[in-house]
Amino acid sequence: MKILTTNYLACAVKTCKSEPAAFPLHFKDAELAREELELNPEFIKNVLPRIDWPALAQTAAELGFTTLPSQKPENLDEQTMKDLHTLLMETQVMEGKLVCGNCGYEYNIKEGIANFLLPNHLV
Amino acid sequence: MTASDILPAQEYLIHFAQIHECFRQPEINALAKRHSLPLVWKSYSNASPFAIITLPSDTDARTIISDSILAKAIYRLLAHSSDYDSLHALLRSRPELIPETIRKATFKFTIESYLHKRSKSSQRSVINGFAHLPLTGTVTLDKPEVKFTVFEEFPGSPGIYRQDGPTNPISVGLGVFLSHGSRSTIDTYDLKKRLYIGTTSMDAELSLVTCNLAMAGPGKILYDPFSGTGSFLVTASHFGAMTLGSDIDGRQIRGKKPGKNVIGNFKQYGITSRYLDGFTADLTNTPLRSTRFLDGIVSDPPYGVREGLKVLGHKDPAKNGSGEPVVVDGVVKFKEPDYIPPKRPYSFNAMLDDICRFAAAHLVDAGRLCFWVPATNEDGIEMQLPKHPALELIAVCPQQFNNWSRWLLVYERIPGELDSMQVPEKQAVPQRATASELNNFRKKYFEGFNQKPTSPSTE
Ligand SMILES: [Zn+2]
C-alpha cells in the first residue's frame, strides 16, 4: 500500500465517516518497503492539489519520515518532485495494520493489500 | 483575425473498423475532449467505415487518432464526391485541393473499397483515373513521402463484398494517409496472452474502448471499485493513467500463485509504475473518504447474473448494525484470521444508485464514470437509466448478444459541489428478499432463458 493511497482512506464504519479522528488512519506494526518506480512529473503535479497535506505530514511522521515541509509546496522544483515521488509512490507498507483513531478498528494489511471489509455488527 | 479563421477547416477522413459501431463516435469524441481539440463531425453513419470530420491541423488529426481502438487510420481528405466523374471534375477545376508540398513528394496510390472487391487490373484502372493530378514527384512503392488513398463505398449489406460488376459506388474520395489508430493494442492486451485473468475478465478491445471513453490519460487517477483481476486497471494504465482498484474478494487482487496476480499483469505489460494500489473493500462501505480526487471510474460491476449479488451484511437485517460483535464459544468471530464476513443479497437498482452516488462524491469536475449494465433484450431501449443531478449522461453504447445485451453507460461529472444540487434521499433497500426477487435482470435470466448467452466477453 502506497503512502499516497492512505491519503484517501478513512475508516469504513459509517458512524466514523463524519468524525475528524477517523482520518487519516494510523499505521501500526508497519513493515515498509521501497520499490523504485519511474517518476511521473505530470501525475505528481496533478495530484498535489488533491492531497490533504496535514494528513500526509501526520502519516509520514508516524512512519518516521520527518523531512516533509510543514506546508504544501507551491513550486515543484526537481528535488521536491523527486522527494514527493519517493514518499508517495515508492514507499509502501507491505504488512501491518491501519487503525481508526475514532473507533479503534484495525484494518489488516497483507502483502501490501489492505482489507476494509467490516464485520457484520459494524455494517 | 488569423488565417485559420478565414480558411475553411481542413477535412479528415477516419477509417473505422466495422465493429462496435455505437462506440466509435463516443470514443473519438472522448479523445477530442481529452486532447482539447475542436472536433466537428461532417458525416458519420454506423453503416459505413468512413467518417468525415474537421480539425485545425494534420498534427491534431494524428493526435486524435493515436489512442483510438476503433479507428484504423486517419487521412487528410483532399476531395470527395458521390461518383468518380464528379470527383475528377472537382479535382480538375480546383487544383489548389492538392497542396504544393504534396505535389512535389514521392508517392504511391492505394485503394480502400467497402463492400466491393476489385481485381488488380480494376484497381489499376481506378488509380490511373487520377493521372490528371498535377503531381511532379515520382512514384515510389517503398516508403513514399505521400500515400494517396482512394476511398469508395458501395451499396449492399455489411460483410458481403461483391466482386467486380456493374455496380457504382455511392461515395468516393481521395485522401492522404496521416497515421494509424491503435488497433494493434488489442493484440497486446489479448486475454489469451495475459498471465492472470478471471472468469469475467472483459475482452481487451472493449476494455480499452471503455477506458478511452473514461478519458484515461497521463497524469490522471482512475478507479475500478469492482476490479476483479484488473482488466480495466491495465487498460487504463496503458493510456497513461494511474490506477486504483478494489474488490470485495481480496483473493482476486492477490491471486493464488506467485506472479499470477494484478501486479503481475502490470509487470507483464511494463506499466508497473502506473499501478497505484489494490485493496479489499465493498462499495457500500467504502473506505475512500468523500473527496473529489478521481478523474475517472471504470467498471463492469458483478450484478450477480451467475452468483447472485452480494454485499456485506447478514441477510437477517436484525443482525446488521447491532454494534455488537458475534461471539461463538467465547471467540469474537471477526477477529479470527480466516474470518469471512457474511454477505447479504443486494438489488440491482440499489447498486446502480450506489455507483452514481459514489461517482458524484469522488469525481473531479468533468471526470467520467463508465460502467457496464446487463439487460434482457425485452428491457431494450426502455431500460431505466440511472440518474443523478451531478452526472450528465454522455453516451449509451449497447452490445447485443443472442438473448441479452449489455450497455456501457458514460456519465460526466457536472461541475459544482453536491451541497448546491438537489440530490434525492437514498432509498432504503428492502432487506428481507431473495436475490432473484431483488434483481430483476437475474430473475429473468434464470426464469426465462434456456440458452446460454453467446460469449459475453471471455466467459
Ligand atoms: Zn472508525
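The zinc ion sits in a tetrahedral site, with angles of 105 to 114° among its four donor atoms. Four donors count as tetrahedral if all angles lie between 85 and 135 degrees. The donors are A:Cys11 (SG), A:Cys16 (SG), A:Cys100 (SG) and A:Cys103 (SG), at 2.3 to 2.4 Å. Donors here are N, O and S atoms within 2.8 Å of the metal (3.2 Å for Na, K and Ca); water is not among the atoms, so sites may look incomplete.

This is a predicted model: local features need pLDDT of at least 70, side-chain atom pairs count only at pLDDT 80 or more, and totals for chains, interfaces and linings use all residues. Residues are numbered from 1 along each chain as its sequence is written, chains are lettered from A and ligands numbered from 1 in the order in which they are written, and side-chain values use heavy atoms, with hydrogens and water left out.

Along the sequence, the zinc donors follow the spacing C-x4-C-x83-C-x2-C. A:Cys16 and A:Cys103 link distant parts of the chain, 87 residues apart. A:Cys16 is in the loop between α1 (3-6) and β1 (26-34) of chain A. A:Cys103 is in the loop between β2 (91-99) and β3 (106-110) of chain A. Helices (H or I, at least four residues) and strands (E, at least two) are DSSP runs, numbered from the N terminus.

How buried or exposed are these and some other residues? The table gives relative accessible areas. Buried means under 20% relative accessible area, exposed over 50%, partly exposed in between (1.4 Å probe, protein chains only).

| Residue | Relative accessible area | Class |
|---|---|---|
| A:Cys16 | 2% | buried |
| A:Cys103 | 40% | partly exposed |
| A:His85 | 6% | buried |
| A:Thr80 | 18% | buried |
| B:Phe107 | 9% | buried |

**Helix α4 of chain A**

A:His85 is in helix α4 (residues 78-90) of chain A. A:Thr80 is found in helix α4 too. What does A:His85 touch, not counting residues up to four places away in sequence? The list is A:Leu37, A:Glu38, A:Leu39, A:Asn40, A:Ile44 and A:Glu90. Contact means heavy atoms within 4.5 Å. A:Leu39 is 46 residues from A:His85 along the chain, yet their C-alpha atoms are separated by 6.5 Å. With neighbours within four places left aside, A:Thr80 is in contact with A:Pro73 and A:Asn75.

**Chain B**

Chain B has 14 helices and 18 strands. Of its 459 residues, 53% are buried. Among contacts with a separation of 6 or more, 76% join residues 24 or more positions apart.

B:Phe107 lies in strand β5 (residues 107-114) of chain B. Beyond four places in sequence, its contacts include B:Leu135, B:Gly137, B:Val139 and B:Phe148. B:Thr138 is another contact of B:Phe107.

Two helices of chain B pack together: α2 (residues 21-34) and α8 (residues 204-213). Their axes are 8 Å apart, at an angle of about 45°. Axes are lines fitted to C-alpha atoms, for helices over the stretch in contact, and angles run from 0 to 180 degrees between N-to-C directions. The pair α2(B) and α8(B) is therefore oblique (angles under 35 degrees count as roughly parallel, over 145 as roughly antiparallel, 65 to 115 as roughly perpendicular and the rest as oblique). Residues that meet include B:Phe23 and B:Leu31 in α2(B), and B:Leu206 and B:Val209 in α8(B).

How values were computed. Tetrahedral: all angles 85-135°; square planar, octahedral: opposite > 155°, others 65-115°.
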